[in-house]
Amino acid sequence: MKFFVVLLVIMLGVWLWKRDRASGQDESVKPQKPKAAPPPNIASARPIVPCLHCGTHVDMAETVQGRLGRYCSKAHCTVHGDRPL
Ligand SMILES: [Zn+2]
């Protein structure tokens, strides 16, 4: 009977030790929550338009306005048979 009680106490100790270790690991291994991407600032978004000649998307402010449409450069405007305004 004495042996059984000692065995029970050892088993209880091992169980408590494993439980503490497992909970400690969970906290250290817990993956960090990925930070949410900041919401896009629509007010500051600048329009991107494709070049009528080559299709390259360019910032609207950097395009060359022709009679037929917008181009990425003056050269593409003239190559396309258009004239910059
Ligand atoms: Zn172009």
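Let's start with H53, which sits in the loop between β1 (48-50) and β2 (57-59). Keep in mind that this is a predicted model: local features need pLDDT of at least 70, side-chain atom pairs count only at pLDDT 80 or more, and totals for chains, interfaces and linings use all residues. Residues are numbered from 1 along each chain as its sequence is written.

**H53 up close**
- H53 counts as buried because 21 other C-beta atoms lie within 10 Å; the label needs 20 or more such atoms around a residue's own C-beta, while 12 or fewer makes a residue exposed and anything in between partly exposed, with C-beta atoms placed from the backbone.
- Skip the neighbours within four places in sequence, and H53 is in contact with Y71, H76, V79 and H80 (contact: C-beta atoms, placed from the backbone, within 7 Å).
- Take V79 as an example: 26 residues separate H53 and V79 in sequence, yet their C-alpha atoms are 8.0 Å apart in space.

**V64, another buried spot**
- V64 belongs to strand β3 (residues 64-65), and V64 is buried because 20 other C-beta atoms lie within 10 Å.
- Not counting residues up to four places away in sequence, V64 touches R70, Y71, S73, K74, C77 and P84.
- V64 and P84 are 20 residues apart along the chain, with 6.6 Å between their C-alpha atoms.

**The whole protein**
- You'll find two helices and four strands, in the order α-β-β-β-β-α from the N terminus (DSSP runs numbered from the N terminus: helices are H or I, at least four residues; strands are E, at least two).
- Of the 85 residues, 8% count as buried.
- Among contacts between residues at least 6 apart in sequence, 7% join residues at least 24 apart.

- The average pLDDT (the predictor's confidence in each residue, from 0 to 100) is 84, and 84% of the residues score at least 70.

Notes: Two residues are in contact if their C-beta atoms, placed from the backbone, lie within 7 Å.
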